[in-house]
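Try each task before reading its solution.

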Amino acid sequence: MKFPMKTLAVAAALAFAAGAYAQAKKDEKKDESQISGGVVKIGVLNDQSSLYADLGGQGSVVAVKMAIADFKAKEKGLNVEVIFADHQNKPDVGSQIASKWIDAEGVDMIIDTPNSGVALAVNQVVRDKKKVFINSGAASSDLTGAKCSPNTVHWTYDTWMLANGTGSAIVKNGGDSWFFLTADYAFGHALERDTEAVVLKNGGKVVGKVRHPLNTQDFSSFLLQAQSSKAKIVGLANAGGDTSNSIKQAAEFGIVKGGQNLAGLLVFLTDVHALGLDKAQGLIFTETFYWDQNDASRAFTKRFAAANGGKYPTMVHAGVYAGTLHYLKAVAALKSDDGTAVVEQMKKTPTDDPLFGKGTIRADGRKIHPAYLFEVKKPSESKGPYDYYKLKATIPADQAFRPLKDGGCELVK
Amino acid sequence: MDQIFGIPINAFMGQLLIGLINGSFYALLSLGLAVIFGLLNIINFTHGAQYMMGAFAAYFLLNKLGMNYWWALVVAPLLVGATGVVIERFMLSKLYKLDHLYGLLLTFGLALIFEGIFRNEFGSAGLPYSMPEQLQGGHNLGFMFLPNYRAWVIGASLVICIGTWLLIEKTKLGAYLRAATENPKMVEAFGVNVPRMITLTYGFGVGLAALAGVFAAPIYQVSPQMGSSLIIVVFAVVVIGGMGSILGAVVTGFGLGVIEGLTKVFYPEASNTVIFVIMAIVLMIRPQGLFGQR
Amino acid sequence: MADPAHDPLATRDVEFDAKFFRYGLVAVLAFFLVAPTFIYPVFLMKVLCFALFACAFNLLIGFGGLLSFGHAMFLGMAGYVSAHAAKVWGLPVELAILTGTAAATVLGVAAGLLAIRRQGIYFAMITLALAQMVFFYCLQAPFTGGEDGIQSVPRGKLLGMIDLTNNFAMYYFVLAIFMAGFLLIVRTIHSPFGQVLKAIKENEPRAISLGYRTERYKFLAFVLSAALAGLAGATKAIVFQLASLTDVHWSMSGEVVLMTLLGGMGTLFGPIAGAFVIMAMENYLSNLGAWVTITQGIVFVICVLAFRRGIVGELEALLKRKLTFRQLLFVLFAFRHHKRAKERGGP
């Protein structure tokens with residue numbers, strides 16, 4: 001067949017020519033010291049339909065819009081747009097959306113992204129393309145540790161904070177033998193690792209671990225293993241729907257009646273709401289925001305709920321709001337949306353917002369603010385919907401997060 | 001003796017029991033598939049979606065019409081079975097003269113449509129369905145705490161599986177069905193309305209799937225994806241048991257549930273693959289399945 | 001299929017086929033050469049990778065008559081190996097892709113030895129079982145990273161010179177890979193091996209009676225199909241710099257069936273058209289999550305019930321009919337004339 005040969009030769013020649021052209025084109029990248037495209041475009045990338053949809057989801061979009069309005073972007077001459085997409089808890093979907101957003105749709109900042117596996121993938125994409133990633137939803141402390149990036153700020157919480165807040169409180173209270181029920185991906189592994197370290201440091205022991213796939217419906221066989229381990233504490237290193245299911249089914253199998261206690265290592269307001277106080281009462285966990293903390297948080301909650309179908313904000317939503325505010329401040333100060341420079345500016349400027357108060361962002365991208373140990377109220381103690389938590393302790397900001405030198409981040413000299 | 005094969009006896013018995021519970025679902029679902037394949041020679045990929053629709057039907061019956069679990073056990077399979085009748089009448093029947101693989105592809109497409117529609121409406125997280133009061137609580141058996149509801153599932157599915165087997169193997173109606181499988185023309189010549197029988201049989205198989213869905217609603221979350229995670233395993237069960245054999249489906253369903261449970265005790269990493277390994281081996285040595293006849 | 005000895009229209013079939021192929025190849029090549037100037041190159045690379053995957057799948061079903069419901073195992077496994085080779089072993093990109101393809105080939109040999117002895121539904125089921133085993137292996141194995149996948153795979157430099165982080169450069173490299181794979185398939189179809197394969201698909205007992213070792217031919221086709229699917233997967237992992245569980249999941253096996261069915265099973269260009277349409281549809285509907293699944297399902301159902309020849313198949317049929325369009329008009333006219341005559345009470 002002669003045709004394919006000739007066509008192939010022509011194609012090969014064209015391909016090399018195109019490749020060389022593309023190479024040349026890449027070298028003449030324009031210098032961006034203005035707002036790219038005249039618009040600051042923010043992309044909310046999170047789980048819109050699955051087990052993490054309630055703690056983030058559309059609520060995060062609402063939070064971003066509120067931040068833009070509160071910042072009075074228009075009056076300051078900034079043109080800000082918001083888009084959103086569902087990453088379906090798949091790293092390939094998340095990273096493809098992030099790439100497409102940055103390459104073809106002019107997105108300058110990506111925010112939220114619960115699910116640590118997806119967050120790590122997006123972290124890499126944003127780093128390669130030098131934009132901004134503000135993570136509020138994911139937990140893995142690797143985002144400010146081994147995988148830290150000059151383009152990423154990790155707001156709200158992380159696995160180290162959870163482990164040291166909840167973990168040490170429980171061990172000091174007598175829960176010194178643990179069995180872990182872990183979600184089998186980046187987040188679960190990180191949370192299990194960090195909590196195990198805390199348990200061992202405080203003199204406790206880990207008698208067993210089992211891993212379950214993300215979004216598991218039936219925990220019966222895992223709970224059975226937890227029961228037969230006879231550990232005092234069954235540590236739930238999972239989140240969202242997985243945590244609610246574990247707690248519900250643990251009740252079905254009589255785990256707590258049998259004398260063991262459940263430790264919810266990551267629990268959100270929406271989980272407690274889904275479980276109901278009768279099942280969730282007595283759970284102890286750490287969060288960095290609660291809607292009923294002070295007047296500012298209550299005022300925010302009133303406006304948020306009105307825009308979000310009556311649903312109250314989780315700490316993830318709070319982090320999205322605060323992070324967007326701080327980002328816009330930095331962009332306005334620099335009059336540019338160049339990713340790396342903006343993050344630099346965000347680290348240089350101390351933060352101040354109605355939800356987290358005053359704080360800072362460290363060199364490794366970690367946002368620092370106090371953490372709070374909460375206990376879920378008994379049904380009799382609650383005065384109305386969403387009145388679920390009582391404050392047990394406050395962990396000051398300088399102790400709540402992993403020390404800067406311990407993270408293994410290359411940005412920290 | 002506190003241990004058996006090096007594992008504490010509690011854990012062993014507990015996982016065995018859980019294996020039986022999973023096995024009940026495998027058996028019920030593969031029963032429906034075996035009935036459908038036996039008569040229509042169609043691999044009903046939609047089976048998982050129909051199981052899911054049964055669970056959703058129970059959820060709606062409870063929350064919109066106030067029909068409790070016991071009513072749902074009867075009404076949901078009828079409702080979903082009716083959709084099955086529609087599918088067979090208007091779509092599947094057009095494909096009988098073609099290669100059987102087209103039936104597989106059609107039902108695969110229908111499964112995607114149903115799952116997509118429900119996922120669109122309800123997200124993937126899952127809705128709660130409360131356990132019927134009469135079956136709440138449980139008994140402490142010493143080696144584990146057995147919830148009453150799970151015991152009910154095992155018992156009820158056994159009864160239904162044996163009942164269906166009796167229906168098909170021992171009754172006149174079953175005889176007609178089996179005859180129509182082997183020689184539809186001859187049976188039609190005797191005046192039996194074979195196409196209608198085929199339609200109703202498909203509806204019956206679908207109804208079985210929906211019934212399994214109602215059983216599942218209180219213990220697993222009612223979620224649009226509950227079917228797709230289960231359906232592949234059920235295919236493996238049916239293939240191992242023998243694609244047209246009712247007895248094969250039931251025995252293999254319970255048996256594989258137990259084997260999977262035991263694997264979770266001794267070698268948990270392999271618990272997901274053990275059924276497929278067995279399927280691959282069976283297909284190589286005895287492709288018609290353990291109880292199959294072709 | 002038309003037999004030249006008995007059907008006078010058949011000779012036109014062979015001519016038509018050759019003409020269609022020539023024009024088709026030029027059209028496809030021309031489109032893909034200029035497309036990145038007006039379509040996002042990463043999207044096009046995705047299309048090319050899936051088109052190659054679908055062409056490989058089509059080789060097996062369209063020309064070999066074997067429906068594999070587990071082809072994702074080749075796509076995904078090759079992706080993991082290629083990603084691992086590029087990231088952890090630090091192999092240059094060409095070698096990483098070759099390693100991935102080799103892994104898929106080995107897997108294809110193993111799977112083929114197990115599956116080839118069966119036909120029809122049983123063959124499909126056994127490929128599904130094997131693919132599930134591969135999926136669960138990938139879920140557990142430490143090197144695949146489980147739910148997180150292998151991330152941050154470097155794109156590297158082609159031949160040590162051309163920087164592939166530039167999307168345009170990467171695109172033309174992927175296009176070259178695709179054309180190589182596609183032309184290999186074309187060559188295979190038109191070779192003596194391909195002719196025997198076609199004969200086996202149409203009537204295996206007859207082929208056996210003619211003395212052909214049909215199992216060997218089917219096995220070879222299976223391995224070749226696996227290798228090319230692996231090539232697609234290995235390339236895709238480098239393009240997206242990520243290898244994940246999505247590529248070994250059984251829904252990916254379903255998706256390639258869909259692309260091939262929609263495009264036209266048994267045609268050469270069908271899988272390319274199918275891949276393009278499905279990817280475009282997914283892209284367009286991506287913000288409406290579940291609608292992608294629903295649309296895929298609807299396409300499946302419509303194709304099976306009413307559109308079995310697929311896009312390219314229908315296109316071919318339409319073009320063929322044009323050659324006898326005048327005859328067709330004549331036949332219609334004559335028929336109506338005859339009918340009217342009958343109504344008037346004629347002979």
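**Exercise 1.** Which residues of helix 11 of chain C are buried?

*Solution.* Before starting, some housekeeping: this is a predicted model, where local features need pLDDT of at least 70 and side-chain atom pairs count only at pLDDT 80 or more, while totals for chains, interfaces and linings use all residues. Residues are numbered from 1 along each chain as its sequence is written, and chains are lettered from A and ligands numbered from 1 in the order in which they are written.

Step one is to find the helix: helices (H or I, at least four residues) and strands (E, at least two) are DSSP runs, numbered from the N terminus. Helix 11 of chain C covers residues 270-284. Step two is the burial test: a residue is buried if 20 or more other C-beta atoms lie within 10 Å of its own, exposed if 12 or fewer, and partly exposed in between, with C-beta atoms placed from the backbone. The residues that pass are Gly270(C), Pro271(C), Ile272(C), Ala273(C), Gly274(C), Ala275(C), Phe276(C), Ile278(C) and Met279(C).

**Exercise 2.** Is Val153(C) buried or exposed, and which residues does it touch?

*Solution.* Start with its location: Val153(C) is in the loop between helix 5 (120-140) and strand 1 (157-158) of chain C. Next, count: Val153(C) has 25 other C-beta atoms within 10 Å, so it's buried. Then list contacts (C-beta atoms, placed from the backbone, within 7 Å). Leaving out residues up to four places away in sequence, Val153(C) touches Ala83(C), Ala86(C), Lys87(C), Ala237(C), Ile238(C), Gln241(C), Leu242(C) and Ala243(C).

Ile208(C) has 13 other C-beta atoms within 10 Å, so it counts as partly exposed. Its C-alpha is 43 Å from that of His84(C), 124 residues apart along the chain.

**Exercise 3.** Compare chain A and chain B with the globule rule.

*Solution.* The rule is 2.2 Å times the number of residues to the power 0.38, and the radius of gyration is taken over C-alpha atoms. For the 413 residues of chain A a compact globule would have a radius near 22 Å, and chain A has 23 Å, which agrees. Chain A has 14 helices and 15 strands, and 58% of its residues are buried.

Chain B has 11 helices and four strands. Its radius of gyration is 19 Å, close to the 19 Å that the rule gives for 294 residues, so chain B is as compact as a globular protein of that length. Buried residues make up 56% of chain B.

**Exercise 4.** How is chain A divided into domains, and how do these meet?

*Solution.* The bounds come from an automatic or database domain assignment. Domain 1 of chain A is 36-157 + 293-368 and domain 2 is 160-287 + 372-398. Their C-alpha centres lie 27 Å apart. The contact takes 21 residues from domain 1 and 21 residues from domain 2. On the domain 1 side, helix 4 (residues 116-129) of chain A gives the largest share, three residues.

**Exercise 5.** In which sense does strand 3 of chain A pair with strand 1 and strand 4?

*Solution.* Strands pair if DSSP finds at least two bridges between them. Strand 1 (residues 40-46) and strand 3 (residues 109-112) of chain A pair in the parallel sense over four bridges, with Val44(A) bridged to Ile111(A). Strand 3 and strand 4 (residues 132-135) of chain A also pair in the parallel sense, over four bridges, and Ile110(A) stands opposite Phe133(A).

Note on methods: The expected span of a helix is 1.5 Å times one less than its number of residues. Two residues are in contact if their C-beta atoms, placed from the backbone, lie within 7 Å.
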